[in-house]
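These are my notebook entries from going through one model, element by element. I wrote down what I looked up and what I found.

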Amino acid sequence: MHPDELVERLRQVCLALPETTEKISHGSPSWFVRRMFVSYVGHHHGDEHLAIWAAAPEGAQEEMVTADPERFFVPPYVGHRGWLGLRLDVEPAGPDWDEVREVVTDAYRHIAPKRLAARLGPGP
């Protein structure tokens with residue numbers, strides 16, 4: 001999948017969440033609900049991968065990276081705060097968009113004010 005297509009699909013997923021805005025942060029499209037909850041990262045400092053960095057609930061980063069280190073990783077700069085990296089270019093046909101939606105929604109729930117997160121219904 002072409003990087004522009006990845007960004008457009010990711011944009012649709014993120015902007016479907018209540019009161020989400022998009023801004024360029026550190027040169028990349030990023031999504032905010034008061035604070036940033038997801039950022040698209042393309043070839044960061046020469047990294048060969050296209051990915052997202054997403055806020056994650058406590059314990060999720062370790063669980064996901066341990067379970068599938070080919071797709072999940074600890075991102076630089078924000079990994080120490082528990083953020084999760086998800087590679088978007090690992091699958092030959094592109095990412096599993098249900099999984100991307102789940103990671104993005106979990107990030108949103110983690111960062112959004114409780115009244116906004118509640119609009120999504122019960123969490124996992």
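Which residue takes a positive phi in the hairpin of E1 and E2? I found that histidine 26 does, with phi near 55°, in a hairpin that has two residues between the strands. Before going on I noted that this is a predicted model, in which local features need pLDDT of at least 70 and side-chain atom pairs count only at pLDDT 80 or more, while totals for chains, interfaces and linings use all residues. Residues are numbered from 1 along each chain as its sequence is written, and side-chain values use heavy atoms, with hydrogens and water left out.

**Entry 1: the sheet.** I took helices (H or I, at least four residues) and strands (E, at least two) as DSSP runs numbered from the N terminus, and counted two strands as paired if DSSP finds at least two bridges between them. On that basis six strands form an open sheet in the order E1-E2-E3-E4-E6-E5, with antiparallel pairing. The edge strands are E1 (21-25) and E5, each of which pairs on one side only.

Entry 2: I followed E1 into E2 (residues 28-33) and found five bridges in the antiparallel sense. Threonine 21 has phenylalanine 32 of E2 as its bridge partner, and serine 25 has serine 28. E2 then joins E3 through four bridges, again antiparallel, and phenylalanine 32 stands opposite methionine 36 in E3. The hairpin of E2 and E3 has one residue between the strands, and arginine 34 in the turn has a positive phi of about 75°.

**Entry 3: the enclosed strands.** Here I used buried for under 20% relative accessible area, exposed for over 50% and partly exposed for anything in between (1.4 Å probe, protein chains only). Six of the six residues of E2 are buried, so this strand is largely enclosed by the rest of the structure.

**Entry 4: tryptophan 53.** E4 pairs with E3 over five antiparallel bridges, and with E6 over four. Tryptophan 53 stands opposite serine 39, and its bridge partner in E6 is glycine 85.

**Entry 5: helix H2.** Which residues of H2 (residues 60-67) are buried? I found Ala60, Gln61 and Val65 to be buried. Seen down the axis of H2, the buried residues fall within an arc of 115° (taken from the directions from the helix axis to the C-beta atoms), so they line one face of the helix. On the other side, Glu62, Glu63, Thr66 and Ala67 are exposed. Counting contact as heavy atoms within 4.5 Å, I listed E5 (72-73) and E6 (84-87) among what covers the buried residues of H2.

**Entry 6: the lining of the largest pocket.** E3 gives the most to this lining, with five residues. I also noted that E2, E3 and helix H3 (97-111) each supply at least two residues of the lining.
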